[in-house]
Amino acid sequence: MNEDAWACPELAEAPAGWILATENGWGALTVWAAGAGNFVRVPVAGRARQGNVVHRWPDGIERTEVFTLTEADLASIEDDIDAYLADAELPPRPRGYDWFIRPPARIALGEDTFWGVLWSAATAELPGDAVRPSTLKYPAREALAHMYSG
């Protein structure tokens, strides 16, 4: 049995239809919760990574600005993800990868719906003040196991 929480195939590109994990603690915890065989990693290509800032004004006007993340920005994001995982008592993920989750076969979900359904299922039994990485860890794993069963 492999004790490495992040052991998985490393591919040159993502399998078709697999879900890109969000680049935050919840996305990383979800990858872990999916379990062996349900996630892969792909080395991040030498491309500029971008972020968005959305400005919403009281009159309903919305403006989005795209910006390029610096190496310091990317390191800070990874540090935040590692801190989130540490709060869940999980080891840090290897850096420099995009992580992809196998979509559940028995229920057809788009990416946005997948994330919404998973969050709702993982937090359904938690009181509002108990939504922390340490309390989400096992409900997320159970929710994904249920989504994969069938």
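**Before you click**

This is a predicted model, in which local features need pLDDT of at least 70, side-chain atom pairs count only at pLDDT 80 or more, and totals for chains, interfaces and linings use all residues. Residues are numbered from 1 along each chain as its sequence is written, and side-chain values use heavy atoms, with hydrogens and water left out.

**Stop 1: the whole chain**

Start with a cartoon view. You will find four helices and five strands, where helices (H or I, at least four residues) and strands (E, at least two) are DSSP runs numbered from the N terminus. Following the sequence, their order is β-α-β-β-β-α-β-α-α. The radius of gyration is 16 Å, close to the 15 Å from the globule rule for 150 residues, so the chain is as compact as a globular protein of that length. That radius is taken over C-alpha atoms, and the rule is 2.2 Å times the number of residues to the power 0.38. Along the principal axes, the C-alpha atoms fill a box of roughly 50 × 35 × 30 Å.

Of the 150 residues, 35% count as buried; buried means under 20% relative accessible area, exposed over 50%, and partly exposed in between (1.4 Å probe, protein chains only).

**Stop 2: arginine 93**

Now select arginine 93, in the loop between helix 2 (71-87) and strand 5 (97-101). Is this residue buried or exposed? Arginine 93 is buried, at a relative accessible area of 3%. Show side chains and look for glutamate 23, whose side chain makes a polar contact with that of arginine 93 (3.3 Å). A polar contact is a pair of N or O atoms within 3.5 Å; within protein, one must be able to donate a hydrogen and the other to accept it, and residues adjacent in sequence count only if both atoms are side-chain atoms. Leaving out residues up to four places away in sequence, arginine 93 touches, among others, Trp6, Asp82 and Trp99 (contact means heavy atoms within 4.5 Å).

**Stop 3: arginine 41**

Move to strand 2 (residues 39-43) and pick arginine 41. Arginine 41 is buried, with a relative accessible area of 14%. Its contacts beyond four places in sequence include Trp6, Tyr97 and Trp99.

**Stop 4: arginine 63**

Finally, select arginine 63 in strand 4 (residues 62-68). At 41% relative accessibility, arginine 63 counts as partly exposed. Its side chain makes a polar contact with the side chain of glutamate 65 (3.1 Å). Leaving aside neighbours within four places in sequence, arginine 63 is in contact with Val53, Val54, His55 and Trp57. To finish, draw a distance to proline 104: the two C-alpha atoms are separated by 35 Å.
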